[in-house]
Amino acid sequence: MENKLLKNGIIIFMFVLFVFSVSAVNASSNDTSVLSLSNSGITIDYPSDWGYSHAVSSDSIMAISKLSSIDSFGIGQVNINVEKRPIEGDFYTFVNSTYQSMSKDPDYELVSSGGLMISGKDAVEYIYTSNTNGVQREHKAVWFEKGGQAYVLLYSAPLDQFEDNLYVFDYMLSDIQIT
């Protein structure tokens, strides 16, 4: 009887150990670690399936892209770019003038705009679409002022991938550190 109980105890222990091991492997394979990138007093956190990429804009201070979307030139088709520009005049006039000039271009369409707060700072958000060389993209730009400079965090993706990856940009906005 004692041997049978010992055998059953060992079997149950092995089963519990097996289930725990499988659960731990599944949990670790589903985990996406978080990475950080800092420049000009701005720190952003992003998931490890995103990474550094080249930016087209000369105003860019940081650029990340979904790793699976980076082309042979190092440009991400699903990307988040942080730019810094000197302000000419009032911040809100400066930002709004960018989108007023875009409204005259038939390749751009403003979807929405409004105010919000990020990291305790007033910010302005613009969502718009573009059609450049037959490629339709959606963009979400969030602007704020820091030290006499206009900063913009710009998320861009092809229309069919915009909503699926928006959570990364929204996470960055909720967790951004501005010093």
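Predicted model: local features only at pLDDT ≥ 70, side-chain atom pairs only at ≥ 80, totals over all residues.

**Strands, hairpins and helices**

Residues are numbered from 1 along each chain as its sequence is written, and side-chain values use heavy atoms, with hydrogens and water left out.

On terms, helices (H or I, at least four residues) and strands (E, at least two) are DSSP runs, numbered from the N terminus. Two strands count as paired if DSSP finds at least two bridges between them.

β6 and β7 run antiparallel and are joined by 10 bridges. Gly-115 has Val-124 in β7 as its bridge partner. On the next pairing, Val-124 stands opposite Trp-143 in β8.

β7 (residues 121-132) and β8 (residues 135-146) are also antiparallel, again with 10 bridges. They form a hairpin with 2 residues between them, and Asn-133 in the turn has a positive phi of about 55°. Ser-130 stands opposite Arg-137 in β8.

Which strand order does the open sheet of 7 strands have? The order is β3-β4-β5-β9-β8-β7-β6, with antiparallel pairing. β3 (50-52) and β6 (108-118) are the edge strands; each has a single partner strand, so one side of each is left without a neighbour in the sheet. Neighbouring strands here are turned by 20° against each other on average, direction ignored. Angles run from 0 to 180 degrees between N-to-C directions, with axes as lines fitted to C-alpha atoms, for helices over the stretch in contact. Contact means heavy atoms within 4.5 Å.

Helix α2 (residues 91-102) packs on this sheet, touching β5 (79-86), β6, β7, β8 and β9 (149-158), and its direction makes about 15° with that of β7. Helix α3 (residues 159-175) lies across β3, β4 (60-66), β5, β6, β7, β8 and β9, at about 145° to β9.

α3 also lies across β1, β2 and β10, running at about 145° to β2. Those strands make an open sheet of 3 strands in the order β1-β2-β10, with antiparallel pairing. Its edges are β1 (34-39) and β10 (177-178), each with a single partner strand, so one side of each is left without a neighbour in the sheet. β1 is joined to β2 (residues 42-47) by 6 bridges, antiparallel, and Ser-38 stands opposite Thr-43 in β2.
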